[in-house]
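Notebook, interface entries. I wanted to look up how the two chains meet.

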Amino acid sequence: MKEIKRRDFLKLAGATLVLAACSRGGGGSTEDQSGDQSPTGQPGAVSFNFRITEALVEMIDGTLVYSWVFEDTASGQPVLPGPVIQAEEGELISLTIENGLRENHSFLVPSAPGSPDVVDFGMIAPGEKVTKSFTAPSAGTYLYFDPLNAPVNRVLGLHGAMVVLPKTGNTPYSVPTPAVQQLFNDLGTTDHFPKHALSPAGWQRDRFRIWLMSQVDPAFNALAQSGVIINPADMRDNFLPRYFTINGKSGAFSSHDHSVVLSGRIGQPMLVRILNAGLFTHSNHLHANHFYVTSVNNVVRENVFNIDSFTISPLDRVDWLVPYIRPPDIAGDPDTPLRELIPNELALVIGGDIGVPQSPLVFPMHCHVEQSQTAAGGNYPQGTVTHFEFLGDIDGVDFPNAGG
Amino acid sequence: MALPVIPRGEMPPDETLAFHKHVCPPDFGGPNPDPLNPDLILSRNLLISIDLLLPENARVPMWIIEDPDDPVNGRVFPSKTIRIPRGALVNALVGCEGGTHTIHWHGIEPTPMNDGVGKHSFEVDGNFVYQFQPREAGTYFYHCHKNTVLHFEMGLYGLLIIDPDVPGAPFTDGGPGFCAAFSPATNHVIPYDVEAFWVADEIDSRWHTLGHDDFMQECDPENPVDPANFTQDGFLNDFRPDIFVVTGIPRRVNNPSPFSAADDPLFGPLVAPALQAGQTLLARILNAGYTIQQFTLGIDAEVIAMDGHALGVPPFQQYSSPFRLPAGTPFRLTTAMRHDLIITPASPGIFPVTIEYFHSVSGRRLFTARTAITVI
């Protein structure tokens with residue numbers, strides 16, 4: 001029986017990132033018209049159907065930029081970045097890609113350096129529809145993109161994230177290293193990582209965010225729109241990003257988008273899956289908590305650094321575990337509830353009529369290569385930035401205004 | 001056929017003020033709202049304009065954060081290093097002139113009002129007392145977080161060092177002193193004899209003609225994301241450095257001469273340290289620029305800390321361990337990353353240190369700075 005799970009769309013108003021619609025179970029695919037011999041619609045298989053197409057993408061300053069994008073054929077809506085493919089390790093994935101554009105395209109999911117690609121569609125000709133089946137690899141964070149004419153097709157918008165969850169265990173990985181296993185064992189069970197009073201101990205596998213970072217130089221998009229085949233060397237040498245995005249959004253929009261913002265209470269750890277589909281080397285900085293780098297490019301880390309800024313190079317896939325501890329350098333007794341230690345800050349509204357309450361506690365994550373904080377050459381901070389918010393204290397009492 | 005449009009996002013009506021604050025943070029000043037009895041009080045003013053003198057006697061206008069209590073060395077670039085013993089409850093009196101600013105204590109993690117980010121609290125109008133209590137000894141920095149793309153580049157930053165809470169702290173720049181490092185037998189505190197600061201930065205001269213608020217968006221509480229209010233003529237996305245800096249000592253792009261202790265009486269020994277064989281050098285490294293910086297030392301080193309947190313030290317850093325960096329092994333830092341290295345030379349020699357600057361988009365090498373560790 002074929003079942004389209006509409007729940008698989010993130011139910012968040014204005015959410016940036018959409019989870020790909022998938023069908024699970026047996027029955028043959030009605031859309032498998034490729035010459036590929038891979039089986040589809042097998043029992044136990046999870047099927048996704050994307051179309052490569054074109055759209056105008058609105059930048060934060062209202063500028064419309066022609067882009068190449070993926071469309072989930074179940075919804076018929078083009079999205080940027082592409083729909084999130086989510087599966088469990090070992091699941092059989094049947095993926096159909098239709099090329100709705102005028103030039104050749106492809107679809108690649110690389111794995112760890114030195115390991116075979118998860119899947120490579122090769123060349124998909126204009127109008128062609130190709131289906132491939134592959135097994136969901138080791139749990140982790142993967143980038144998918146069109147590798148043809150690299151980096152052109154990827155940077156013009158043909159990219160997305162694939163998340164693979166583990167079958168078992170309390171970490172995000174199939175085979176965690178000893179250090180990563182210990183870190184996750186300690187969450188909520190140790191003095192240094194106390195758990196939130198009303199939450200279970202440990203990391204909850206649905207407590208993750210995807211930050212798929214990219215950049216836009218509209219000059220190249222305009223070339224593509226005019227039908228010019230872009231020289232990849234020209235793009236590598238002359239790419240001047242004018243817009244910087246997380247999950248396709250910038251500035252105030254990425255800072256208030258529920259699929260981007262880190263939201264939680266003290267003692268509710270969060271995993272962040274960071275990917276860079278663009279050409280700009282980012283240096284992401286989190287305020288209020290040092291984070292743990294648990295995986296880089298699908299290699300689970302042996303030496304797990306606890307840091308506040310980290311390089312995100314083009315094509316990187318980097319996982320952070322944000323421990324969601326109480327910001328440790330708050331002045332005063334660390335055991336005193338914050339409502340007693342900072343009552344005036346929590347009650348304060350700064351700025352009169354245009355003020356926003358200081359509660360709950362909100363901090364930024366931003367890239368520290370600060371050109372990335374601009375849009376259209378200025379307009380700070382309308383680039384690669386989002387919020388890191390603490391809604392409540394460790395004892396289960398929420399901060400004022402946290403209920404919304 | 002018209003192409004479909006993917007919208008830039010939604011601004012729910014009840015978030016209009018939050019969107020406005022993102023663009024135009026409110027002003028605020030005065031005492032801290034939740035004051036505690038401080039162990040340490042320090043003062044900083046911003047901004048102060050100074051000129052950075054280049055070797056060929058040209059000058060580059062810079063902005064720095066001043067220590068008003070130090071009439072001799074309080075106005076320097078980078079802004080004067082702050083040193084605080086671990087655990088001290090700090091009151092930082094920050095004064096602002098000629099516009100609003102903030103100070104963010106990078107890597108220190110207090111409440112939003114003490115974190116110095118305008119859009120999450122306020123920009124300082126007049127003065128404010130920031131309050132925090134650092135719990136981990138290590139290398140941090142402080143910088144203005146208003147129109148940060150410009151203000152950080154202009155020089156509104158300095159090192160912030162949290163020394164271990166042992167007798168003698170805070171220590172004098174250059175050593176000797178003690179630092180946090182994995183060492184169970186000594187309570188994770190180790191001594192060093194000499195201290196180096198490799199704070200690498202770059203300058204785009206074009207940017208140094210700009211004003212505080214240049215290329216910022218216009219404030220509009222009714223529609224904070226109205227496309228009409230965005231500036232369209234800015235170039236703060238286009239960083240083309242022509243001057244390269246190590247801990248305040250500059251070189252034009254066409255000047256390959258090594259950075260030495262003779263360059264600047266204040267910072268020279270921190271950039272080109274000298275020590276005796278058998279002594280211990282602590283090198284604190286910060287990428288304070290916008291390029292990818294690659295450091296290569298001609299001598300073995302051990303990475304003992306990153307971003308103010310000592311590798312291996314329980315409880316929070318028990319999942320990591322210090323690691324050896326053999327001579328000649330390059331490592332790269334992007335903006336705001338800090339590495340602390342311990343170097344214990346066994347025999348005399350002059351050991352080269354190179355810092356290569358690579359563009360954050362093209363990856364092209366833009367400059368190679370050279371200095372050295374002299375072991376006598």
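I began with buried area, the accessible area (1.4 Å probe) that two parts lose on being put together, summed over both. Chain B and chain A bury about 8000 Å² between them, and 59% of that is on carbon and sulfur atoms. In chain B, the residues losing the most area to chain A are Ile6(B), Glu109(B) and Tyr319(B), together 12% of what that side buries.

I noted the basis. This is a predicted model, in which local features need pLDDT of at least 70 and side-chain atom pairs count only at pLDDT 80 or more, while totals for chains, interfaces and linings use all residues. Residues are numbered from 1 along each chain as its sequence is written, chains are lettered from A and ligands numbered from 1 in the order written, and side-chain values use heavy atoms, without hydrogens and water.

Next I looked up contacts (heavy atoms within 4.5 Å): 94 residues of chain B touch 97 residues of chain A.

I then checked salt bridges (a side-chain nitrogen of Lys or Arg within 4 Å of a carboxyl oxygen of Asp or Glu). The rule finds two across the interface of chain B and chain A. Glu58(A) forms a salt bridge with Arg8(B), with the closest N and O atoms 3.7 Å apart.

Last, I looked at strands (DSSP runs of E, at least two residues, numbered from the N terminus), which pair if DSSP finds at least two bridges between them. Strand β3 (residues 45-58) of chain A pairs with β1(B) in the parallel sense over two bridges. Ile6(B), in β1(B), is the bridge partner of Val57(A).

How values were computed. Helices (H or I, at least four residues) and strands (E, at least two) are DSSP runs, numbered from the N terminus.
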